[in-house]
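Q: Could you walk me through this model, one feature after another? I would like to learn how to read each of them.

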Amino acid sequence: MKISKALLCLFLCWASNQTLLAQEFIPLWEKGKMPNSKGLSIKDSIANERVYRVGTPGIYAFFPSNQENKGAAVVICPGGGYERLAYIISGFQLAKWFNTMGVSAFVLNYRLPNSPDLINREIGPLQDAQRAIKYIRSNASKWGIKPDKVGIQGSSAGGHLASLAGVSTKDIASVGDSLDKFSAHPDFMILVSPVVDLDKYAHKGSRKNLLGENPSQELVKQYSIQHQVTPKACPAFIVCAFNDNAVDAHNSLMLYQSLLENKVSSALHIFPQGAHAIALRNNPGSAEIWTEICEKWLSEIGILVR
């Protein structure tokens, strides 16, 4: 009995260490070199599995085993209406799913537009997302990742950020260091119930939090993703629900139409049910198979091919 208890204790210690290693936090910016910052000392504010303020932008790293590693990586942008980050349900849980496919996953702790430290509120999240992609590519060899298999994923407002990174043709994360030589453009994007349009079909909370109370029509168009798609946009997998009353399905439809018109091979799945709660599991009806379809899509575009 004593031996069994000792072995159990050793196993629990090992499991605890493995969990800590899986959730290693990596700051994205060197002290004093974070762009778009007033230099204020801001601490992270976390409550009820939500991050309400980000003082240190960074990535939580989740790695698959060496045997299962497919050489691909994904930056995960949690949702939360640009007001908070639901880092568990639309972050850590998805990271562990990506690991089961052999994909290294990095949950992004990005600056929220309401941070008093930001100079320009609307560009802070994208700067952090682009920096994360650059950081992963800079460490690709060390982590067993192929630099041309680095994608981005986002849910809800996180889907807006992910798609913004996926269509952007401008690098706004350069700060004059060694990461400047790496591309900030992802190779694929996976969007779940994404906020896309900030005009007619806008999720009003996301628009207000990102652009402020009374944004100009020019700014609204600039951050409505469907207007920014070019043939250089990366392939997209988009999933949402017909009965989503928070983020209208037109958002996904408009983005897909723009991708189609620009001849960017992508996939769109609008399920009858799921509302604004499509998650990793326990989805109603046919929405339950979205993860299976997504995995097949990743294989189809060559991401899960060794």
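A: Gladly, and we can start with a loop: Asn48 is found between strand S2 (45–47) and strand S3 (50–53). Helices (H or I, at least four residues) and strands (E, at least two) are DSSP runs, numbered from the N terminus. This is a predicted model, where local features need pLDDT of at least 70 and side-chain atom pairs count only at pLDDT 80 or more, while totals for chains, interfaces and linings use all residues. Residues are numbered from 1 along each chain as its sequence is written, and side-chain values use heavy atoms, with hydrogens and water left out.

Q: What is the phi of Asn48, and is the residue buried or exposed?
A: Phi of Asn48 is near 55°, a positive value in a residue other than glycine. For cover, buried means under 20% relative accessible area, exposed over 50%, and partly exposed in between (1.4 Å probe, protein chains only). Asn48 has a relative accessible area of 68%, so this residue is exposed.

Q: Where is Asn282 found, and what is its phi?
A: Asn282 is in the loop between strand S10 (267–271) and helix H9 (290–300). Its phi is near 60°, again a positive value in a residue other than glycine. With a relative accessible area of 71%, Asn282 is exposed.

Q: How do I read a strand such as S5, and is it covered or exposed?
A: In a regular strand the side chains alternate between the two faces of the sheet. Strand S5 (residues 72–77) is mostly covered, with 6 of its 6 residues buried. Ala72, Val74 and Ile76 are buried on one side, and Ala73, Val75 and Cys77 are buried on the other.

Q: Which strand is joined to S5 by bridges?
A: Two strands pair if DSSP finds at least two bridges between them. S5 and S6 run parallel and are joined by 5 bridges. Val107 in S6 is the bridge partner of Ile76.

Q: How many aromatic pairs does a search of the whole structure find?
A: Rings of Phe, Tyr and Trp (its six-membered ring) pair if their centres lie within 6.5 Å; planes under 30 degrees apart count as stacked, over 60 as edge-to-face and the rest as tilted. The search finds 11 aromatic pairs. One of them is the tilted pair of Phe25 and Tyr60, at 4.8 Å centre to centre and 55° between the planes. Phe25 lies in strand S1 (residues 24–27) and Tyr60 in strand S4 (residues 58–62), so this pair ties together parts that are 35 residues apart in sequence. Phe25 is partly exposed at 29% relative accessible area, and Tyr60 is partly exposed at 21%.

Q: What is the geometry of the rings of Phe106 and Trp143?
A: Their centres are 5.2 Å apart and their planes at 35°, so the pair is tilted. It links distant parts of the chain, with Phe106 in strand S6 (residues 103–109) and Trp143 in helix H4 (residues 140–143), 37 residues apart. Phe106 is buried, with a relative accessible area of 0%, and Trp143 is buried at 14%.

Q: Which residues do ring pairs link into a cluster?
A: The cluster is made of Phe25, Tyr60, Phe62, Tyr87 and Phe92.
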